[in-house]
Amino acid sequence: MARTFTEAAIAGIGQTEFSKASGRSELQLAAECSLAACQDAGISPHDIDGMITFTIDNSDEVNLARCLGVKDLAYTTRIPGGGAAAAATIYQAMAMVNAGLCNNVLIWRAMNERSQYRFGQNPNQQMMSYQSGNGTGSLLWCVPYGAMTPASWGALQAQRYMHTYGVTNRDLGYISVQQRKYAANNPAAWFYGKPITLEDHQNSKWIQEPWLRMLDCCQESDGGVAILVTSLERARDLKQKPVRILGAAQSIPYNVEVISNYYHDDLTVMPEAQGVAKRLWKQTGLRPSDMQAAMIYDAFTPHVLLQLEAFGFCKRGEAAEWVKAGGMAIDGELPVNTNGGLTGEAYIHGMNSMAEGVRQIRGTSPNQVQRVQNVLISSGMAGAILSKD
């Protein structure tokens, strides 16, 4: 076994309800989930000295610190890349703690992404600027040419893989069905008590024919999720059993875009996930067979297949058959997205999937995997391995 890469740990998690209309501000959601994470850990919000969120989170660090009563922030940062870099928040928090810069790092993401604005719509319709200040933003290669929405970008990204390996939209339906089965057993999920069949998937409307149907796409959700990271030593004296961050990594290869990811040479692979996998396995000395569960970013169902293959859980082109054979199920080879994922539970930019990884290690998931020691978290451009202490 390789030397442990870090001694950072997750001590607390918190979340609001997930809805289509929260009825309150994003700052209120951020404060609620952050306070819940502190209470879960058993620390005072006054003791937070580091804060991390996404570049596109609308809540200001100073205002949130004021809401929580934070006494003295030593470090703040924001992560670009949206959900593709969600696990990078864990990576950055780990680095801050490991470097001795902070003692208690709060990660949060809060959004009224259904009631206030909608990521799934044409950017021109939601007051989003797709042109950067110097006119070179990546979406300028998409929007003027008719690729207007995340679903269109996801379909373009997936089509070469699906064509090369003969993966059909019906094959993708097995991912949706399994994740909705998990969501149906998760009281926090938007689709709690609402499983679907493969026929339901196939009868859902086309979003990007012939690749993606409505039930291949993540939700648009209101809600907030927060995670509290501290040192393993401090976490051992707190309220919950520590969840070790055994390793974490980012990878942004040449010519890979955050959203419109179809410029690299081989479109049948996800090179950023391959880079993350290479770094994680090297850091920790672990292998795919050492994982008992995985939380894999599922903005669109094909992303799950590409990441399963990138991390070595399946050979190239074989992930669809692996899923069809029950590999993602609770009694399968690798239970995946046991909260229902972003399609079944909610879409809080991947943060809710990271919280589910913590619950699996703690043994408190509504779809608990037996004898869990290690859980992989992957958001594409970043990943982490969570482990029992």
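At what angle do helix α1 and helix α2 pack, and how far apart are their axes? Select residues 26–41 for α1 and residues 61–68 for α2: the angle is about 55 degrees, and the axes are 10 Å apart. Axes are lines fitted to C-alpha atoms, over the stretch in contact for helices, and angles between N-to-C directions run from 0 to 180 degrees. Helices here are DSSP runs of H or I with at least four residues, strands are runs of E with at least two, and both are numbered from the N terminus.

Before moving on, note that this is a predicted model: local features need pLDDT of at least 70, side-chain atom pairs count only at pLDDT 80 or more, and totals for chains, interfaces and linings use all residues. Residues are numbered from 1 along each chain as its sequence is written, and side-chain values use heavy atoms, without hydrogens and water.

**Stop 1: α1 and α2**

The two helices are therefore oblique to each other. Angles under 35 degrees count as roughly parallel, over 145 as roughly antiparallel, 65 to 115 as roughly perpendicular, and the rest as oblique. Now show Leu27, Ala30, Ala31, Ser34 and Leu35 in α1; they meet Asn63, Leu64, Cys67 and Leu68 in α2. Contact means heavy atoms within 4.5 Å. These contact residues divide into seven nonpolar, two polar and no charged. Ala, Val, Leu, Ile, Met, Phe, Trp, Tyr, Cys and Pro count as nonpolar, Asp, Glu, Lys and Arg as charged, and the others, Gly among them, as polar.

**Stop 2: α5 and α9**

Select residues 169–184 (α5) and residues 301–310 (α9). They pack at about 100 degrees, with axes 9 Å apart. α5 and α9 are therefore roughly perpendicular to each other. Leu172, Ile175, Ser176 and Gln179 of α5 make the contact with Thr301, Pro302, Val304 and Leu305 of α9. By class, that contact has five nonpolar, three polar and no charged residues.

**Stop 3: two backbone details**

Most residues other than glycine have a negative phi, and most peptide bonds are trans. Go to Glu209 and Pro210: a cis peptide bond joins them, with omega about 5 degrees. Pro210 lies in the loop between β5 (206–208) and β6 (212–213). Next, pick His349, a residue other than glycine with a positive phi, near 55 degrees. His349 is in the loop between α11 (341–344) and α12.
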